[in-house]
Amino acid sequence: LDRETTAVFLEGRFPLLSGLTGQLGLRHDRVDEGDSSDSETTPHLGLVWALPDNATTLKANYNEGFKPPSFFALGFPLGGNPALDPERSRNVDLTVSRRIDAAGSVLQLGVFRTRYEDLVDFDSDTFTNINRGTIVIQGIEPELDLRINRHWHVQANASLLDIDERDGLQPLRNRPERKAAANLAHDFDGGHTAFVGVSYSGHFLDRSNPTGDIRMSSFTVVNAAGSLRFGALRVSLGIDNLLDEAYEQFVGFPAQDRRMRIELRGEF
């Protein structure tokens, strides 16, 4: 397979009113593959409004996307489909961000809606890659960045999705609709650090030839890390999957067990 892509893009930012800034982007892609060619122009429009209280920021964006199918999707001997069309998307998102203390802690809430056309997916019935019809994904994403003091730092975020497959075909694979994560970090005097993080992934659909469609269980993983500094020498220790959670991100492929990593670094 052979592909040549030529793209021209322009992006600018300009003031509109006091505290209100506009963003404009425009990109044109031309994709040549053998005897065929395809071209697409995709815009980006954005507004950023810093409210007079100097603590709240509102953001709004509209984007369009264009993505040719991968060589794997086109030409893989088992399931490749040379007749695939490019994927296209339209996205709208709104975000409000609020600084909640003098230390720089921020609370943020974002909502979005993305509409996909011709999304490339594997069809188990025909055992080939296909272009899906209309798929709409909308969701809400809260996020907290809390700086308790100069030593303690907490971060937490979540993603709550609603996936609407309007083409009447099978649900998308490996797309959990509920995800969350939280991290706690501490900076000690002398350059020493400690970190612990927990991440959660809700249930999702996967499939394989032996199993067909299968509902994968949710899982929670805890990771921890720390470092000690001795002059020019830093010793770092990390433990992945601290609680040795048994789970699968893909059907039939168990994830990594508990694992310890040690790093020695000298700075001279």
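Strands here are DSSP runs of at least two residues, numbered from the N terminus. With that in hand, let us walk through this structure, which is a predicted model. One such run is strand β16, covering residues 233–240, and Asp 240 is found in it.

Let us start with strands β2 and β3. Strand β2 takes in residues 20–33 and strand β3 residues 36–50, and the two pair in the antiparallel sense over 14 bridges. To see the pairing for yourself, find Arg 30, which stands opposite Ser 39 in β3. The two strands form a hairpin with two residues between them, and there Gly 34 takes a positive phi near 65°.

Now follow the chain onward from β3. This strand also pairs with strand β4 (residues 56–67), again in the antiparallel sense, over seven bridges. Here the example to look for is Val 48, which stands opposite Lys 59 in β4. β3 and β4 form a hairpin too, with five residues between them.

Most residues other than glycine have a negative phi. Asn 54, in the loop between β3 and β4, has a phi near 60°, a positive value in a residue other than glycine. Is Asn 54 buried or exposed? Its relative accessible area is 61%, and because exposed means over 50%, Asn 54 is exposed. A second case of this kind is Asp 244, whose phi is near 55°, again positive in a residue other than glycine. Asp 244 lies in the loop between β16 and β17 (248–250), and with a relative accessible area of 36% it is partly exposed.

Next, let us turn to charged side chains. How many salt bridges does a search of the whole structure find? The search finds 16. One of them joins Glu 40 and Arg 88, with the closest N and O atoms 3.0 Å apart. This pair links distant parts of the chain, as Glu 40 is in strand β3 and Arg 88 in strand β5, 48 residues apart. Glu 40 counts as buried at 19% relative accessibility, while Arg 88 counts as partly exposed at 24%. Asp 38 joins in as well: Asp 38, Glu 40 and Arg 88 are linked in a network of salt bridges.

The side chains of Asp 53 and Arg 98 meet at 2.7 Å, N to O. Asp 53 lies in the loop between β3 and β4 and Arg 98 in strand β5, so the pair ties together parts that are 45 residues apart in sequence. Asp 53 is partly exposed, with a relative accessible area of 39%, and Arg 98 also counts as partly exposed, at 39%. Further along, Arg 207 forms a salt bridge with Asp 213, the closest N and O atoms being 2.5 Å apart. Arg 207 is buried, with a relative accessible area of 8%, whereas Asp 213 counts as partly exposed at 45%.

A nonpolar patch of about 590 Å² is made by Trp 49, Leu 58, Leu 94, Val 96, Leu 109, Val 111, Ile 140 and Leu 160. Strands β5 (87–99) and β6 (106–117) each supply at least two residues of this patch.

Finally, look at two buried aspartates. Asp 121 lies in strand β7 (residues 120–123), and at 9% relative accessibility it counts as buried. Which side chain makes a polar contact with the side chain of Asp 121? The partner is the side chain of Arg 132, at 2.8 Å. Leaving aside neighbours within four places in sequence, Asp 121 is also in contact with other residues, including Thr 128, Ile 130 and Leu 172. Asp 121 and Ala 73 are 48 residues apart in sequence, yet 8.6 Å apart in space, C-alpha to C-alpha.

That returns us to Asp 240 in β16. Asp 240 is buried, with a relative accessible area of 14%. Beyond its neighbours within four places in sequence, Asp 240 is in contact with Val 222, Asn 223, Asp 257, Arg 258, Arg 259 and Arg 261.

Terms used:
Residues numbered from 1 in each chain as written. Predicted model: local features only at pLDDT ≥ 70, side-chain atom pairs only at ≥ 80, totals over all residues. Heavy atoms only, no water. Helix = DSSP H or I, 4+ residues; strand = E, 2+ residues; numbered from the N terminus. Buried < 20%, exposed > 50% of the residue type's maximum accessible area, 1.4 Å probe, protein only. Contact = heavy atoms within 4.5 Å. Polar contact = N/O pair within 3.5 Å; in protein donor to acceptor, adjacent residues only side chain to side chain. Pairing = 2+ DSSP bridges. Patch = residues over 30% accessible without salt bridge, like charges linked within 9 Å, V, L, I, M, F, W, Y side chains within 5 Å. Areas by Shrake-Rupley, 256 points an atom, 1.4 Å probe, with all protein chains shown as cover. Salt bridge = Lys/Arg side-chain N within 4 Å of Asp/Glu carboxyl O.
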